[in-house]
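Have the viewer open while you read.

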Amino acid sequence: MSKKRPHDTAAERGDPFPYKGPLRRVDGRAPFNHYLWPLGDDWFWAYNDLGRRFSSTWNFSAVALADGRWIVEGFVKDDEFAMEFFPSRETALRTAAARLIRMIRRARRWTGHDHVSAEDYPILIAWTLETIGRPAREVFVAPPPPPPPPAPPTTLLEIMERVP
């Protein structure tokens, strides 16, 4: 006889590691598995622009948040103070591009699939620098939540002022 659990887990609802904080993407979507996927125009892949000889390792992105800030990696932490936020898309993309360039430079010493050859190195660096200036598309911005209702009167004077 198997015992069924009286409650369902987050994994059974579809999210194995649910995020309960206030951060949302610009379109209002909450993180899934503590990750916010970037919108299409803020995610750049070398193999889309330069060909399939470049692996999926060579990409960078920025995620627009509903509160107007930006993050570079889509990983959302429970502790907001441990995250790095950026005030603009340009700043976030420049930071993400700088991190990718640092990784491309290191990849010249790697062996195996993601090794960057002397021929591909300047191509990847130039592509990364060129993509920073691409414009973003207009995105649906979720409306702000309605203001909370006024607090109920607490003193006799406040109650008397509201009576017609």
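Predicted model: local features only at pLDDT ≥ 70, side-chain atom pairs only at ≥ 80, totals over all residues.

D120 counts as buried, at 13% relative accessibility; buried here means under 20% relative accessible area, exposed means over 50%, and partly exposed is what lies in between (1.4 Å probe, protein chains only). R53 forms a salt bridge with D120, and their closest N and O atoms are 2.8 Å apart. The rule for a salt bridge is a side-chain nitrogen of Lys or Arg within 4 Å of a carboxyl oxygen of Asp or Glu.

Residues are numbered from 1 along each chain as its sequence is written, and side-chain values use heavy atoms, with hydrogens and water left out.

## The overall layout

The protein has 5 helices and 4 strands, and from the N terminus on they come in the order α-β-α-β-β-β-α-α-α. Both kinds of element are DSSP runs numbered from the N terminus: helices are H or I with at least four residues, strands are E with at least two.

Of the 164 residues in the protein, 32% are buried. Take the contacts with a separation of 6 or more, and 54% of them are between residues 24 or more positions apart; contact means heavy atoms within 4.5 Å. The protein exposes about 11,300 Å², with carbon and sulfur atoms supplying 59% of that. Accessible areas come from the Shrake-Rupley method with a 1.4 Å probe, and for residues only the protein chains shown count as cover.

Helix α4 covers residues 120–131, so to speak a run of 12 residues, and reaches 17 Å from its first C-alpha to its last, close to the 16 Å expected at 1.5 Å a residue. That expected span is 1.5 Å times one less than the number of residues.

Which residues of α4 are buried? They are D120, Y121, L124, I125, W127, T128 and T131. Seen down the axis of α4, these buried residues fall within an arc of 160°, so they line one face of the helix; the arc is that of the directions from the helix axis to the C-beta atoms. As a general point, an α-helix has 3.6 residues a turn, so residues three or four places apart point the same way. What covers the buried residues of α4 includes β1, α2 (46–50), β2 (59–61) and α3 (89–107).

Leaving aside neighbours within four places in sequence, D49 is in contact with W127, T131 and R134. D49 and T131 are 82 residues apart in sequence and 9.9 Å apart in space, C-alpha to C-alpha.

## More salt bridges

How many salt bridges are there by this rule? The count comes to 9. One of them joins the side chains of D42 and R89 at 2.6 Å, N to O. D42 sits in the loop between α1 and β1 and R89 in helix α3, so the pair ties together parts that are 47 residues apart in sequence. D42 is buried at 5% relative accessibility, and R89 is buried at 14%.

The side chains of E84 and R99 also meet in a salt bridge, at 2.6 Å, N to O. E84 lies in the loop between β4 (70–71) and α3, and R99 in helix α3, 15 residues apart. E84 is partly exposed, with a relative accessible area of 44%, and so is R99, with 24%. Salt bridges that share partners join R53, E119 and D120 into one network.

## Two positive phi angles

In the loop between α1 (10–13) and β1 (43–45) you'll find N33, which has a positive phi of about 55° although it is not a glycine. H34 lies in the loop between α1 and β1 and has a positive phi of about 60°, again without being a glycine. Buried or exposed? N33 counts as partly exposed, at 35% relative accessibility, whereas H34 counts as buried, at 6%.
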